[in-house]
Amino acid sequence: MHLLVIGGSGLVGRELVAQALAAGDRVSATACAAGPGDPSVDWHRLDVRERAGVASLVAEVDPDAVVSTAYRVDDWATTADGAAHVALAVGSRPLVHVSSDVVFSGAAVTYAEDALPDPVSPYGAAKAAAETAVRAIAPRAVVARTSLVLGGSPFEGFVRRLATGAATGALFTDEVRCPVHVADLAAALLELAREPRSGVAHLAGPDAVSRAELGRLLAVRDGLDPGLLPVRARTAADRPGPLDVRLDATRTAAALRTPLRGVRSLLAP
């Protein structure tokens with residue numbers, strides 16, 4: 001398979017590139033700036049906000065399948081418009097668009113694949129708009145919602161800095177997610193790209209944990225004292241966005257060969 005990874009320099013994109021190469025695939029990938037320089041990968045500089053540029057690149061690369069991970073939390077044009085540009089350019093090729101649990105408000109707490117988005121933050125609204133655009137333009141595409149991603153994530157670095165006194169702040173006791181490891185997520189995304197399906201898939205772990213509990217698990221894993229981690233309720237911090245959002249991935253997990261491991265087993269001592 002010739003795979004094109006849109007956003008190949010990010011956390012999920014890098015893992016997708018590595019796993020596809022390990023499987024013997026031909027890999028092309030994009031980055032906002034210059035690519036990492038791996039000679040095994042055909043790197044391209046791309047700004048997904050530029051519709052013509054996206055169309056030109058996809059036509060030039062002519063991949064068998066596309067996985068799109070590109071987003072920016074603070075930029076509607078990248079997250080929403082960029083997703084539409086990719087869907088338009090891909091045409092009839094298999095497309096897996098990576099979305100997020102932030103499309104939900106948390107009012108229902110648990111969300112299956114058929115739940116309707118009800119975002120409560122600007123980023124959540126942009127991700128929901130991206131989903132709508134992709135499903136309208138490319139009805140054969142898969143919209144793959146995921147949750148907090150572990151495996152070299154910024155959150156893990158923040159926990160280490162908190163535990164060592166190198167950062168200030170706190171971990172929230174009332175912000176709950178269903179974390180997934182980047183290796184499991186990338187493997188599942190590749191499986192969806194190789195055996196094209198359509199519709200919505202939930203790619204999240206089975207364990208719902210607060211950021212405070214997750215931080216304690218990460219600290220123990222890293223040999224740090226979890227008692228040094230400051231914790232508090234996010235409701236007192238006046239920050240926008242959903243609190244308790246649990247993606248129910250039961251249906252998706254049953255259809256995949258790739259296991260989506262829970263964080264408690266991943267981080268068990």
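1. Axes here are lines fitted to C-alpha atoms, for helices over the stretch in contact, with angles from 0 to 180 degrees between N-to-C directions. R51, V54, A55 and V58 of helix 2 make the contact with H85, V86, L88, A89 and V90 of helix 3, where contact means heavy atoms within 4.5 Å. These residues divide into seven nonpolar, one polar and one charged; Ala, Val, Leu, Ile, Met, Phe, Trp, Tyr, Cys and Pro count as nonpolar, Asp, Glu, Lys and Arg as charged, and the others, Gly among them, as polar.

2. A word on the basis of this note: the model is predicted, local features need pLDDT of at least 70, side-chain atom pairs count only at pLDDT 80 or more, and totals for chains, interfaces and linings use all residues. Residues are numbered from 1 along each chain as its sequence is written, and side-chain values use heavy atoms, with hydrogens and water left out. Helices (H or I, at least four residues) and strands (E, at least two) are DSSP runs numbered from the N terminus.

3. Which residues of helix 2 are buried? In this helix, residues 51-61, they are V54, L57, V58 and V61; buried means under 20% relative accessible area, exposed over 50%, and partly exposed in between (1.4 Å probe, protein chains only). They lie on the same side of helix 2 because they cover an arc of only 95 degrees around the axis, taken from the directions from the helix axis to the C-beta atoms. An α-helix has 3.6 residues a turn, so residues three or four places apart point the same way. On the other side of helix 2, A52, A59 and E60 are exposed.

4. The buried residues of helix 2 pack against strand 1 (2-6), strand 2 (26-31), strand 3 (42-45) and helix 3 (76-90). Just after helix 2, D62 has a positive phi of about 50 degrees.

5. Seven strands form an open sheet in the order 3-2-1-4-5-7-12, with parallel pairing; two strands pair if DSSP finds at least two bridges between them. Strand 3 and strand 12 (199-203) are at the edges with a single partner strand each, so one side of each has no neighbour in the sheet. Direction ignored, neighbouring strands are turned by 20 degrees against each other on average.

6. Strand 4 (residues 65-68) is covered on both faces, with A65 and V67 buried on one side and V66 and S68 on the other. Four bridges join it in parallel to strand 1, and V66 has L4 opposite. Three bridges join strand 4 to the parallel strand 5 (residues 95-100), where H97 is the bridge partner of S68.

7. Helix 6 (residues 182-194) lies across strand 1, strand 4, strand 5, strand 7 and strand 12, running at about 160 degrees to strand 12.

8. Finally, please look at G7, in the loop between strand 1 and helix 1 (11-22). Is G7 buried or exposed? It counts as buried, at 16% relative accessibility. Leaving aside neighbours within four places in sequence, G7 is in contact with G13, T30 and T69.
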